[in-house]
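Colleague: I would like to learn how to read a few features of a model. Please take them one at a time, with the general idea before the case.

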Amino acid sequence: MADNSKYALITGATSGIGYELAKLFAQDHYNLVMVARNQEELESTAAEFRQQYGINVLPIARDLFQREAPFQVYDQVKAEGIQIDVLVNDAGQGQYGEFVETDIYRELDIIQLNIGAYVVLTKCFLKEMVARGEGKILQVSSIGGEMPGPLQAVYHGTKAFVTSFTEAIREETKESGVTITALLPGVTDTDFFNKADMNQSKLVAEGSKADPAEVAKDGYEALLAGTDKVISGLKNKAMVYSSNLMPDDMVAANMHQQGKPVDESK
């Protein structure tokens, strides 16, 4: 096993951007605390990383839809005597459809996952990092947080929270020796859209999807450099820039058209 005692904790670590971030940390000989819902997938991924990179991996199976779950993650890490040097909040989900028709209980779960878990884990580990005078946090947000998202109203709202929250606590702790980085991907080739029942959206069906490995690389490099915020991909940078120049109602209308089902958009 690796002699390096540094640990990175990553939520949503068995797939998509989270998995690719975990791989980058493992390649740099960080030990890992991997958090996801599926115990079998966690154990498989943990075994893969232990064998391939010779690191310690603690898999923690928790359903972050549950309010107590992030507290339980923190308690288990403490019980193991592990110091978290890098926190990566990555786990997130969305739901596709008009707000008047979507499932409110699923949306409350999404708010808990996308906001509640981020807030709890950030508070728990940031307090320790500030006390030590060192540490890094990567908050995986989205370019969706930079603009309204008709047909994904709650998801975009949660990501707007994540970005704003990250900017605020970064300012509060800027003299502490801790860096907090926001990663803003666009449409990425992950299982997110299957879980959101969103594959029929024009944005997904007809648009290009970023490679999660490339998105993870952008976030990882920004994290190590202590960068405040990184928008992954030139197309996404241009999209955010142009949306900042347009009135909000025009941005919302444009996003609504892009988000409509393919059969309705023709």
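Colleague: In which loop is H29 found?

Modeller: This is a predicted model. H29 sits in the loop that runs between α1 and β2.

Colleague: What is the phi of H29 near?

Modeller: Phi of H29 is near 70°, which is a positive value in a residue other than glycine. L151 is a further case, with phi near 75°, again positive and again in a residue other than glycine. L151 is placed in the loop between β5 and α5 (153-172).

Colleague: Next, helix packing. How are two packed helices described?

Modeller: By two quantities: the angle between their axes and the distance between the axes. Take helix α1 (residues 16-27) and helix α8 (residues 212-225): their axes come within 8 Å and cross at roughly 55°. The two helices are therefore oblique to each other. The crossing of α1 past α8 is right-handed.

Colleague: Which residues make that contact?

Modeller: On the α1 side they are G16, I17, E20, L21, L24 and F25. On the α8 side they are P212, A213, V215, A216, K217, Y220 and L223. Sorted by class, the contact of α1 with α8 has 10 nonpolar residues, one polar and two charged.

Colleague: At what angle do the axes of α1 and α2 cross?

Modeller: At roughly 25°, with the axes coming within 10 Å. An angle under 35 degrees counts as roughly parallel, so α1 is roughly parallel to α2. This crossing, too, is right-handed.

Colleague: Which residues of α1 meet α2?

Modeller: Y19, A22, K23, A26 and Q27 in α1 meet T45, E48, F49 and Y53 in α2. The contact of α1 with α2 divides into five nonpolar, two polar and two charged residues.

Colleague: Now the interior. What do nonpolar side chains tend to do in soluble globular proteins?

Modeller: They tend to be buried together. In this model the largest nonpolar core has 34 residues. L21, F25, L32, M34 and F49 have the most contacts inside this core. At least two of its residues come from each of β1 (7-11), α1, β2 (31-36), α2 (39-53), β3 (57-61), β4 (86-89), β5 (135-140) and α8. The largest share, seven residues, is supplied by α1.

Colleague: What does M34 touch?

Modeller: Residues up to four places away in sequence are not counted. The list for M34 is then I10, A13, A22, L42, T45, A46, F49, V57, L58, P59 and I60. Apart from the core described above lies another, of 29 residues, with L9, V33, Y74 and C124 among them.

Colleague: How far apart are L121 and E80?

Modeller: They are 41 residues apart in sequence and 16 Å apart in space, C-alpha to C-alpha.

Colleague: Where is the place of L113, and what is L113 in contact with?

Modeller: L113 has its place in helix α4. At 7% relative accessibility, L113 counts as buried. Leaving aside neighbours within four places in sequence, L113 is in contact with L64, F65, A91, G92, Q93 and Y118. L113 and G94 are 19 residues apart in sequence and 9.9 Å apart in space, C-alpha to C-alpha.

Key:
Residues are numbered from 1 along each chain as its sequence is written. This is a predicted model: local features need pLDDT of at least 70, side-chain atom pairs count only at pLDDT 80 or more; totals for chains, interfaces and linings use all residues. Side-chain values use heavy atoms; hydrogens and water are left out. Axes are lines fitted to C-alpha atoms, for helices over the stretch in contact, and angles run from 0 to 180 degrees between N-to-C directions. Helices (H or I, at least four residues) and strands (E, at least two) are DSSP runs, numbered from the N terminus. Angles under 35 degrees count as roughly parallel, over 145 as roughly antiparallel, 65 to 115 as roughly perpendicular and the rest as oblique. A crossing is left-handed if the near helix is turned anticlockwise from the far one by less than a right angle, and right-handed if clockwise. Contact means heavy atoms within 4.5 Å. Ala, Val, Leu, Ile, Met, Phe, Trp, Tyr, Cys and Pro count as nonpolar, Asp, Glu, Lys and Arg as charged, and the others, Gly among them, as polar. A nonpolar core is a set of buried Ala, Val, Leu, Ile, Met, Phe, Trp, Tyr and Cys residues joined through side-chain atoms within 4.5 Å. Buried means under 20% relative accessible area, exposed over 50%, partly exposed in between (1.4 Å probe, protein chains only).
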